[in-house]
Amino acid sequence: MAIDKKMRFSRVLAAVAAAASCSGVVSLAPVAHRLTGALAPLTKPVAEALSPVWAGDYDKAAVRSSIKRETAEHSVVIYTMDFSLGLGSALQLLEEHGARGVKVVSLGAEWLPGLVADPAKRHELYALTGEMSLPHVFVGGKSIGGLFRGTPGLAAAARDGSLAAMLEEAGGL
């Protein structure tokens with residue numbers, strides 16, 4: 001299956017980042033977080049403006065229903081782009097916390113025009129959550145945000161201990 005190859009690629013990237021971190025080289029995740037945080041004031045307004053244009057005309061109710069169904073059928077759902085460095089880190093965090101039944105939903109190769117396979121779903125995720133960043137994680141049908149952003153965000157939930165409680169409540173342990 002294609003998504004399995006993409007998940008393996010993301011896990012390899014996460015392992016390389018972890019190995020680099022353990023060997024004294026700066027970890028990629030905090031660097032990527034700082035970089036995206038610095039660029040967000042420039043890129044977010046552009047992405048917000050282009051998102052409905054890229055989505056075009058679509059059946060809003062059907063797309064929202066699809067998201068609701070996916071997030072209800074699985075204890076953990078991650079919406080992502082295929083080549084997201086954050087996906088590997090998100091999967092690694094979830095694995096470290098004992099998450100089971102993680103569903104990864106690919107929205108396309110990358111966020112650039114023409115590479116988003118499901119721009120309507122990407123736009124509806126933004127409309128539902130207010131978050132443009134991917135990967136975007138749902139636990140027990142509720143959005144917890146991306147890897148570093150959101151309410152509370154996956155990394156923050158892992159740090160403060162609330163992720164374990166969310167996973168247990170969702171039946172994802």
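Lys-121 and Glu-70 form a salt bridge, with their closest N and O atoms 2.9 Å apart. A salt bridge here is a side-chain nitrogen of Lys or Arg within 4 Å of a carboxyl oxygen of Asp or Glu. The two partners sit 51 residues apart in the chain, Lys-121 in helix 5 and Glu-70 in helix 3. Both Lys-121 and Glu-70 are buried, where buried means under 20% relative accessible area, exposed means over 50%, and partly exposed lies in between (1.4 Å probe, protein chains only).

A quick word on what you're looking at: this is a predicted model, in which local features need pLDDT of at least 70 and side-chain atom pairs count only at pLDDT 80 or more, while totals for chains, interfaces and linings use all residues. Residues are numbered from 1 along each chain as its sequence is written, and side-chain values use heavy atoms, with hydrogens and water left out.

## The salt bridges

The structure holds three salt bridges. Here they are together:

| Pair | Closest N to O | Where the partners sit |
|---|---|---|
| Lys-121 and Glu-70 | 2.9 Å | helix 5 and helix 3 |
| Glu-169 and Lys-142 | 3.7 Å | helix 7 (residues 162–170) and strand 4 (residues 142–146) |

In general, side chains of opposite charge can pair when their charged atoms come close. Glu-124 is buried, at 1% relative accessibility, whereas Arg-64 is partly exposed at 25%. Glu-169 and Lys-142 are 27 residues apart. Glu-169 is exposed at 65%, and Lys-142 is exposed too, at 51%.

## The overall layout

Zooming out, the protein has seven helices and four strands. Both kinds of element are DSSP runs numbered from the N terminus: helices are H or I with at least four residues, strands are E with at least two. Along the sequence they come in the order α-α-α-β-α-β-α-β-β-α-α.

Of the 173 residues, 36% are buried. The accessible surface comes to about 9000 Å², with 61% of it belonging to carbon and sulfur atoms; these areas come from the Shrake-Rupley method with a 1.4 Å probe. Among contacts (heavy atoms within 4.5 Å) between residues at least 6 apart in sequence, 67% join residues at least 24 apart.

## Nonpolar cores

A nonpolar core is a set of buried Ala, Val, Leu, Ile, Met, Phe, Trp, Tyr and Cys residues joined through side-chain atoms within 4.5 Å. The largest one has 19 residues, and those touching the most other members are Val-76, Ile-78, Leu-94, Val-137, Leu-154, Leu-163 and Leu-167. Strand 1 (76–80), helix 4 (85–96), strand 3 (136–139), helix 6 (154–160) and helix 7 each give two or more residues to this core. Helix 4 supplies the largest share, five residues. Apart from this core lies another of eleven residues, including Val-63, Val-77, Met-81 and Leu-125.

What does Val-137 touch, leaving aside residues up to four places away in sequence? Its contacts include Val-76, Ile-78, Ile-144 and Leu-154.

## A hairpin

Strand 3 and strand 4 pair in the antiparallel sense over four bridges, where pairing requires that DSSP finds at least two bridges between two strands. Phe-138 stands opposite Ser-143 in strand 4. The two strands form a hairpin with two residues between them, and Gly-140 in the turn has a positive phi of about 60°.
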